[in-house]
Amino acid sequence: MGLSEQATPKVAVLMGGPSAEREVSLSSGRECAAALRDAGLDVVEVDAGPDLVARLHEIKPDVVFNALHGRWGEDGCVQGLLEWLRIPYTHSGVLASALAMDKQRSKDVFKRAGLPVVESVLANKAEVSERHVMAPPYVVKPNNEGSSVGIYIVNEGANTPPQLAETMPDEVMVETFAPGREMTTTVMGDRALGVTDIITDGWYDYEAKYAEGGSRHEMPANIPQEITDVCLDYAVRAHDALGCRGVSRTDFRWDESRGLDGLIILEVNTQPGMTPTSLSPEQAAHYDISFSDFCVWMVEDASCDR
């Protein structure tokens with residue numbers, strides 16, 4: 001019997017967890033749980049911790065709604081656990097989640113699929129703090145964290161390398177800085193929803209993403225139709241190249257002075273934010289998909305063997 005045929009499916013919403021993005025995940029999870037309850041589903045909120053297996057055995061959900069962000073929840077770990085337990089779950093499976101979370105490996109996949117990315121290298125944190133491992137301007141970021149956690153921009157002409165915080169991982173990714181506008185496209189199933197232009201006063205960092213008023217989202221983006229069409233095409237191709245399922249979000253930079261040549265893929269997010277200021281729910285709403293319907297669609301799409 002499919003989920004849509006069940007009178008009241010029991011949904012466990014996984015949120016929180018131990019990653020650097022715990023607080024955002026809690027916000028996402030609460031929003032999704034409320035939306036699913038409004039749609040009449042039986043919802044249990046679960047702050048994912050070391051007792052997660054025991055909690056799931058206790059709850060016996062029909063489906064897991066994965067609202068975790070960052071490591072453990074977005075990198076294939078919890079997906080593998082749910083496959084082992086044979087509990088249907090939302091979003092991407094083990095391999096796609098692990099690939100997308102590893103920025104360097106996902107870039108390798110994009111390149112093979114003919115999608116545009118900037119050059120990058122993996123380097124030791126100590127080495128990056130001692131010398132320029134590539135010519136400025138460049139960006140230093142963790143290879144396996146999201147939400148702009150721990151991003152350093154080294155501007156053109158910088159005399160000294162960045163002094164990275166102790167909290168940064170031993171291995172980081174250094175990539176050529178891509179100038180231009182920050183844009184994003186959500187894929188829902190097999191279709192791209194639209195293009196949002198993210199407008200900030202500076203870098204689109206953690207604060208800009210999640211604080212009220214931290215950024216302004218222009219949806220649909222005021223860009224040439226050709227660029228819109230290519231963003232939609234690239235997002236679906238990136239989603240498919242990684243093997244994503246359900247909902248994903250592809251982030252772009254576009255240097256409009258270079259036309260189509262100035263459009264590059266930054267990364268694919270397999271667990272897009274689901275907070276009041278998040279981009280994917282805004283794109284869905286633009287196409288008359290309510291937040292509640294958006295969440296219910298993900299539950300109905302849930303499965304094992306993703």
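Predicted model: local features only at pLDDT ≥ 70, side-chain atom pairs only at ≥ 80, totals over all residues.

Biologist: How many bridges join strand 4 to strand 7, and do they run parallel or antiparallel?
Modeller: There are 5 bridges, and the two strands run antiparallel. Strand 7 covers residues 171–176.

Biologist: What is the strand order in that open sheet?
Modeller: The order is 4-7-5-6, with antiparallel pairing. That makes an open sheet of 4 strands.

Biologist: Which strands stand at the edges?
Modeller: Strand 4 (120–124) and strand 6 (152–154). Each has a single partner strand, so one side of each lacks a neighbour in the sheet.

Biologist: And what does the twist average from one strand to the next?
Modeller: 25°.

Biologist: New topic: cores. Which residues touch the most other members in the largest nonpolar core?
Modeller: Phe-110, Met-183, Leu-242, Phe-252, Leu-263 and Ile-265. That core has 27 residues.

Biologist: Which element gives the most to this core?
Modeller: Helix 8, with 8 residues. Other elements that give two or more include helix 5 (103–112) and strand 12 (263–269).

Biologist: What is Leu-242 in contact with, leaving aside neighbours within four places in sequence?
Modeller: Ala-96, Leu-99, Ala-100, Ser-106, Val-109, Phe-110 and Val-268. Apart from this core lies another, of 25 residues, among them Cys-295 and Val-299.

Biologist: Which residues of helix 10 are buried?
Modeller: Ser-292, Phe-294, Cys-295, Val-296, Met-298 and Val-299.

Biologist: What do they pack against?
Modeller: Strand 1 (10–15), helix 1 (22–38), strand 3 (63–66), strand 8, strand 11 and helix 9 (279–286).

Technical notes: Residues numbered from 1 in each chain as written. Heavy atoms only, no water. Core = buried A, V, L, I, M, F, W, Y, C linked by side-chain atoms within 4.5 Å. Buried < 20%, exposed > 50% of the residue type's maximum accessible area, 1.4 Å probe, protein only. Contact = heavy atoms within 4.5 Å. Pairing = 2+ DSSP bridges. Axes fitted to C-alpha atoms, helices over the stretch in contact; angles between N-to-C directions.
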